[in-house]
Amino acid sequence: ILAKQNVHCNRLSGLRLLFRADEHDFGAKPFHAMCDGVPCIVVLVHSSSDGILGACTFSGFAKGKRLLSPWFSEDGKAFLFSLSNETIYHIADDEAEYAVANVSKHGPAFGGGYDLFLSDGCNSSRDSYIKVSGDAYCISDGPSFLGSTLTAWESSIKYNFGVKNYEVFQFW
């Protein structure tokens with residue numbers, strides 16, 4: 001994704017590639033094996049509608065096994081973003097304790113109600129989603145988050161989307 005944006009990962013760029021989904025069958029298990037316990041994370045997502053979106057967390061994903069119920073990492077500086085519409089969605093001050101969801105059975109998730117959620121095997125389903133109106137992050141325009149101009153929603157709560165690829169980087 002970044003290579004298409006003419007950004008190269010190296011010591012000078014301040015980015016280190018931790019995980020590229022298409023190299024690991026879009027699996028939750030390898031994502032967590034490579035990314036859990038690492039601070040200062042940026043997740044970049046290329047949606048099937050060609051939107052580029054993502055998230056940034058300074059706390060990262062917590063280590064540990066949690067299959068069904070999430071536990072959360074607090075991060076008052078975390079934010080979601082859309083490169084497609086050049087917008088940043090900050091974590092609400094009173095929701096910082098729910099910034100990063102930690103559940104081993106799926107990919108990256110952000111917010112107490114999963115404002116941004118990437119499913120296990122997200123390339124072969126439309127189970128990933130962005131909330132129409134964020135629970136923890138200040139999202140008020142879910143479809144435009146993906147660079148979409150859709151006016152008809154699949155749901156009044158969330159907007160499901162497909163994923164072409166996603167990458168996870170550590171920054172410094």
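**Entry 1: Ser 119**

I began at Ser 119, which I found in the loop between β9 (116–117) and β10 (128–131). For my own use I noted that helices (H or I, at least four residues) and strands (E, at least two) are DSSP runs, numbered from the N terminus. This is a predicted model, in which local features need pLDDT of at least 70 and side-chain atom pairs count only at pLDDT 80 or more, while totals for chains, interfaces and linings use all residues. Residues are numbered from 1 along each chain as its sequence is written, and side-chain values use heavy atoms, with hydrogens and water left out.

Is Ser 119 buried or exposed? I looked up its relative accessible area, which is 6%, so Ser 119 is buried. (Buried means under 20% relative accessible area, exposed over 50%, and partly exposed in between, with a 1.4 Å probe and protein chains only.) Leaving aside residues up to four places away in sequence, Ser 119 touches His 106, Gly 107, Ser 125, Asp 127 and Ser 128. A contact here means heavy atoms within 4.5 Å.

**Entry 2: the whole chain**

Next I stepped back. I counted two helices and twelve strands in the protein chain. Along the sequence they follow the pattern β-α-β-β-β-β-β-β-β-β-β-α-β-β. The protein chain has 172 residues, and 52% of them count as buried. I also checked the contacts with a separation of 6 or more: residues 24 or more positions apart account for 63% of them.

I then picked β3 (52–57). Why do I call β3 largely enclosed by the rest of the structure? Because six of the six residues of β3 are buried. I looked at both faces: Ile 52, Gly 54 and Cys 56 are buried on one side, and Leu 53, Ala 55 and Thr 57 are buried on the other.

β3 pairs with β2 in the antiparallel sense, over six bridges. Two strands count as paired if DSSP finds at least two bridges between them. In this pairing, Val 43 stands opposite Ala 55 of β3. β2 and β3 form a hairpin with four residues between them, and Asp 50 in the turn has a positive phi of about 70°. β3 is also joined to strand β5 (residues 79–82) by four bridges, and these two run antiparallel. There, the bridge partner of Leu 53 is Ser 82 in β5.

I stayed a moment with Gly 51, in the loop between β2 (41–47) and β3. Gly 51 counts as buried, at 1% relative accessibility. Gly 51 and Val 163 are 112 residues apart in sequence, yet their C-alpha atoms are 9.5 Å apart in space.

**Entry 3: helix α1**

Which residues of helix α1 (residues 28–35) are buried? I found Ala 28, Phe 31, His 32 and Cys 35. Seen down the axis of α1, these fall within an arc of 90°, so they line one face of the helix. (The arc is that of the directions from the helix axis to the C-beta atoms.) On the other side of α1, Lys 29 and Ala 33 are exposed. The cover over the buried residues of α1 includes β1 and β12.

**Entry 4: the nonpolar cores**

I read that in soluble globular proteins, nonpolar side chains tend to be buried together. A nonpolar core is a set of buried Ala, Val, Leu, Ile, Met, Phe, Trp, Tyr and Cys residues joined through side-chain atoms within 4.5 Å. The largest one here has 32 residues, of which Leu 80, Phe 110, Tyr 137, Phe 161, Tyr 166 and Val 168 touch the most other members. β1, α1, β2, β3, β11 (158–161) and β12 each supply at least two residues of this core. I also found a second, separate core of eight residues, including Val 42, Leu 44, Phe 79 and Phe 169.

**Entry 5: salt bridges**

How many salt bridges does the structure hold? I noted four. (A salt bridge is a side-chain nitrogen of Lys or Arg within 4 Å of a carboxyl oxygen of Asp or Glu.)

One of them joins Glu 23 to Arg 20, with the closest N and O atoms 3.2 Å apart. Glu 23 is exposed at 52% relative accessible area, whereas Arg 20 is partly exposed at 24%. Arg 20 also forms a salt bridge with Glu 167, at 2.8 Å. That pair links distant parts of the chain, with Glu 167 in strand β12 (residues 163–171) and Arg 20 in strand β1 (residues 15–20), 147 residues apart. Glu 167 is buried, with a relative accessible area of 1%.

Lys 131 and Asp 135 meet in another salt bridge, at 2.6 Å from N to O. Lys 131 is buried at 9%, while Asp 135 is partly exposed at 43%.
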